Amino acid sequence: MAEYARLILAITAAFLVVSGCHYKNSNTERKNAQAPVLSFHMDGSGDRWANKTPLIAEVGLTGRGDFNGIDIKRFHFENDHHYLYVFMECEPSLEDAYNEKPSSGAVAKLLFDVDNNPATGCKSLLQPQGNNEQGYEVGVFIQYGQIINLVSQTVKRDLFYNIENLNEEGEGIYSRDEFRSDEWDNNPLIVTGKAGVEMAIPLDRLGVKPGQTVRLLVFEQSHWYDKRALVPVMLTLSK
Ligand SMILES: [Ca+2]
C-alpha cells in the first residue's frame, strides 16, 4: 500500500477513537526525511534523564484518572541548535497501557508562547473549558494511535506528534506538520520505551532559537481533562 495512503489510514483510525480532539486537517506529508542528525539516541528508557532535574516534577494530577489512563510524571527539556528534546515520563508506559487495553488517544499537548508575550497569539483556550490562558502561538500535539493495514487486516500501534500554528481559541489551524515513529522511518523524532516518550522537535518549525526564553503550557490529556491538567512554566533554551 502506498505510504501516503497508510498515513491517512493511521490518522483516520486515531480520529475514530480519540474523543475530545479537534483535528481539522490531514496534511501528513513527512517533513523529517532530510532532518538534521539527533545529538543522542532516543530510546524512551529514561536512563539519560535519570540524574537530571526535570523542568516539571509532576504534570497535572497524580494517578490514572477516571478512565484508567496514563499518568504523566516528569517532563525534561534540553536543546541543541536544531531540536528541542523532550522526555515525558509515563506510568504505565504507552506499551503497557496498550497491552492492558488497546486504544488510541491524545497523550499530551505543549503550547508555546514563542515570543514570550501574552498579548500576541491565542486569546483563550477552548479546552478545557473556562481557562483564560492566552498568548500561545504554536502547539505540539502528542498522539498515540493505530495503523490499520487493510491488505493484511492487521492493526499496529502508532506514535506521532504534530505541530500546528494556533488560532485565537488555541486550536490547531491548517498548517500541520507531522512526525511519527514507524517502521519506515530510520530517524524517528518520537519514540516510546519502558519509562516514557522521548521526542525531538525542530526549533525552526517551533519558531524559537537557542538562548531564547518562552512561556510553555503543558497539558496532561491522557487521563484528566480539566484545568488541573494544565501546567504553565517558563522554558529557557540553552545557547
Ligand atoms: Ca505570544
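The following conversation goes through the predicted model of one protein chain.

Student: What kind of model is this, and how are its residues numbered?
Tutor: It is a predicted model, in which local features need a pLDDT of at least 70 and side-chain atom pairs count only at pLDDT 80 or more, while totals for chains, interfaces and linings use all residues. Residues are numbered from 1 along each chain as its sequence is written.

Student: What is the average pLDDT of the chain?
Tutor: The average is 80, and 77% of the residues score at least 70. The term pLDDT denotes the predictor's confidence in each residue, from 0 to 100.

Student: Which strands make up the open sheet?
Tutor: Four strands form it, in the order S1-S2-S8-S7, with antiparallel pairing. Strands S1 (71-79) and S7 (190-192) are the edges, each pairing on one side only. Two strands pair if DSSP finds at least two bridges between them.

Student: How many bridges link S1 and S2?
Tutor: Seven bridges join S1 and S2 in the antiparallel sense. As one instance, Glu78 has Tyr85 in S2 as its bridge partner.

Student: And what about S4 and S5, how do they run?
Tutor: Strands S4 (residues 138-149) and S5 (residues 154-165) run antiparallel and are joined by twelve bridges. Within this pairing, Gln143 stands opposite Phe160 in S5. The two strands form a hairpin with four residues between them, and Gln153 in the turn has a positive phi of about 60°.

Student: Changing topic: what percentage of the chain is buried?
Tutor: Of the 239 residues, 39% count as buried. A residue is buried if 20 or more other C-beta atoms lie within 10 Å of its own, exposed if 12 or fewer, and partly exposed in between, with C-beta atoms placed from the backbone.

Student: Which residues have the most contacts inside the largest nonpolar core?
Tutor: They are Phe112 and Val218, in a core of 52 residues. The largest share of this core, seven residues, comes from strand S2 (residues 83-91). A nonpolar core is a set of buried Ala, Val, Leu, Ile, Met, Phe, Trp, Tyr and Cys residues joined through C-beta atoms within 7 Å.

Student: What is Val218 in contact with?
Tutor: Leaving aside neighbours within four places in sequence, its contacts include Ile56, Phe75, Leu110 and Val233.

Student: Is Glu178 buried or exposed, and why?
Tutor: Glu178 is buried because 22 other C-beta atoms lie within 10 Å. It lies in strand S6 (residues 177-181). The C-alpha atoms of Glu178 and Tyr161, 17 residues apart along the chain, are separated by 5.9 Å.

Student: And Ser124, buried or exposed?
Tutor: Ser124 is exposed, since it has 12 other C-beta atoms within 10 Å. Ser124 is found in the loop between strand S3 (105-113) and S4.

How values were computed:
Contact = placed C-beta atoms within 7 Å.
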